[in-house]
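Thanks for making the time this morning. Please have the model open while I talk, and I will go through a few local features one after another.

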Amino acid sequence: MKEQEKKKKKFQFPTAFTVLFIILILAAILTYIVPAGLYSKLSYDPDKNLFLVENHEGEVSSYPATQETLESLNIRMNINKFLDGSIKKPIAIPGTYERIEQSPQGLLSVIMSPIQGIMDTVDIMVFVLILGGIIGLVNKSGAFDAGIAALSKRTKGKEFLLVVFVSLLIALGGTTFGLAEETIALYPILMPIFLASGYDAIVCIAAIYMGSSIGSMFSTVNPFSVVIASDAAGISFSEGLVFRAISLVLAMVITLIYIYRYAKRVQENPKNSLIYEDKERIEKRFLEYYDPENVAPFNWRRILMLLVFLGAFPILIWGVSTGIWWFPEMSGLFLAVAIIIIFLTGFSEKEAVNTFLEGAADLIGVVLIIGVARAINIVMDNGMISDTLLNYTSSVVGNMNRGIFAAVQMILFSFLGFFVPSSSGLATLSMPIMAPLADTVGISRAVVVTAYNWGQGWMSFITPTGLILATLEMVDVTYNKWLRFILPLMGVIGVFSIIMLILQTLV
């Protein structure tokens with residue numbers, strides 16, 4: 001009995017890498033089981049002003065870029081959506097699904113997919129590594145510790161206001177332009193503040209990650225999800241906008257209440273934390289230089305460093321929200337910030353460079369996880385099973401009751417969201433197929449757009465192929481601890497969303 005108890009105590013949940021590799025192998029197995037198939041895809045060539053249709057055999061045909069062409073292909077969309085660039089990616093043509101020769105992904109494909117995944121996500125990796133270098137510089141300079149001490153004095157007794165402020169601000173970014181990957185930069189800044197306030201790492205993750213997830217899930221005008229989905233469904237994104245905005249507010253209230261109850265329990269008794277056994281290790285990592293009794297003075301040099309660092313975020317948000325910037329531009333911005341901070345630290349050239357490299361090295365695990373997560377999608381794409389799953393799911397919802405139709409749509413989009421984690425990719429692939437099904441049960445296509453957005457967003461709370469494992473690696477929390485925290489909230493938000501969807505069918 002004692003030996004068995006020792007074995008149980010020694011058991012540790014697998015690391016993020018192991019979880020991803022298990023899913024990668026399961027994805028490869030699916031390519032042997034799920035039949036391969038493809039829809040014909042339609043794209044617009046602006047240079048020649050032609051529609052190009054590629055069938056399942058890879059043959060490309062050209063057609064005049066007219067409304068009549070779209071109607072002949074059973075695509076109920078306005079031609080202007082293609083002409084003005086609203087629809088950039090190829091869309092699936094309804095009724096064109098064809099089985100193709102099976103394309104199973106064997107051992108070699110599984111081994112090579114992480115390499116390809118790393119190559120595909122190198123722009124994100126560069127951004128994260130530069131960010132790690134900056135964090136190393138600011139940490140060693142004492143600027144973070146001085147800032148934490150100053151903030152702690154001002155928020156004494158009102159610490160949860162920081163959770164509310166952070167969550168609402170990030171949710172605003174999520175609902176307007178899909179703020180997600182960019183939030184990785186916030187964890188090294190906010191983790192020490194949350195820990196010094198008596199909270200644990202899960203509260204910090206919840207404030208940032210759930211702010212982004214709820215905002216993105218209940219998107220109002222996000223061009224990368226709800227707008228492109230509405231365009232692909234052949235409706236205006238303003239349809240259902242008020243309903244989505246009301247749902248966003250209610251979902252944020254539910255989420256903040258849930259976080260507050262957990263945070264209060266942890267603050268009252270640290271042993272209530274789901275990661276109590278990791279408390280010492282996490283605090284050592286993020287509060288290594290923080291000593292509240294002996295904090296470096298918050299002088300002009302440290303204030304200026306923090307202002308330069310934090311000042312980059314409004315510029316980043318502007319660049320991303322206008323569609324002008326993506327990760328290369330974001331990396332360039334933070335590289336400029338790093339250079340400025342190097343001069344402000346007063347470190348010698350050798351010390352500054354070594355500190356930057358050490359900070360970047362601390363995030364190697366995070367960047368590799370991003371690449372491995374992408375490998376899973378590569379295996380499924382190469383196995384040609386995504387279109388088959390879409391074909392199966394579209395056949396499930398035909399001729400249903402209105403309310404059941406809406407609820408099942410959300411569940412199906414949650415399922416599809418695991419296999420196609422890109423919001424714009426899932427929208428352009430699925431909307432031309434799924435949106436017309438709303439006509440058969442007599443409801444607005446806006447309900448399908450809402451079901452798509454909520455379904456994919458709901459699954460993102462836990463999807464290993466998304467951002468969550470990289471986030472957990474950043475703050476040194478295992479996936480099982482996150483599941484214990486988030487699953488009850490996920491259940492509540494899921495039930496809430498289905499109720500609101502059924503109400504939307506009535507409205």
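Let me begin with Met 384, which is partly exposed because its relative accessible area is 30%, where buried means under 20%, exposed over 50% and partly exposed in between, with a 1.4 Å probe and protein chains only. Before I go further, this is a predicted model, in which local features need pLDDT of at least 70 and side-chain atom pairs count only at pLDDT 80 or more, while totals for chains, interfaces and linings use all residues. Residues are numbered from 1 along each chain as its sequence is written, and side-chain values use heavy atoms, with hydrogens and water left out.

Met 384 sits in the loop between helix H17 (364–382) and helix H18 (386–396), helices being DSSP runs of H or I of at least four residues, numbered from the N terminus. Although Met 384 is not a glycine, its phi is positive, at about 60 degrees. Asp 476, in the loop between H22 and helix H23 (479–506), is likewise not a glycine and has a positive phi of about 70 degrees; with a relative accessible area of 25%, Asp 476 is partly exposed.

Turning to helix H21, residues 445–459, its 15 residues should span 21 Å at 1.5 Å a residue, and its end C-alpha atoms are 22 Å apart, which agrees; the expected span here is 1.5 Å times one less than the number of residues. Since 15 of the 15 residues of H21 are buried, H21 is largely enclosed by the rest of the structure.

What does the side chain of Thr 463 reach? It reaches the backbone oxygen of Met 459, at 2.5 Å. Thr 463 belongs to the loop between H21 and helix H22 (468–475), and at 5% relative accessibility it counts as buried. Leaving aside residues up to four places away in sequence, Thr 463 touches Phe 418 and Ile 468, contact meaning heavy atoms within 4.5 Å.

Finally, the axes of helix H6 (residues 122–141) and helix H16 (residues 349–361) come within 6 Å and cross at roughly 125 degrees, the axes being lines fitted to C-alpha atoms over the stretch in contact, with angles from 0 to 180 degrees between N-to-C directions. The contact includes Gly 132, Gly 133 and Gly 136 of H6, and Ala 352, Gly 359 and Ala 360 of H16.

Technical notes:
Helix = DSSP H or I, 4+ residues; strand = E, 2+ residues; numbered from the N terminus. Polar contact = N/O pair within 3.5 Å; in protein donor to acceptor, adjacent residues only side chain to side chain.
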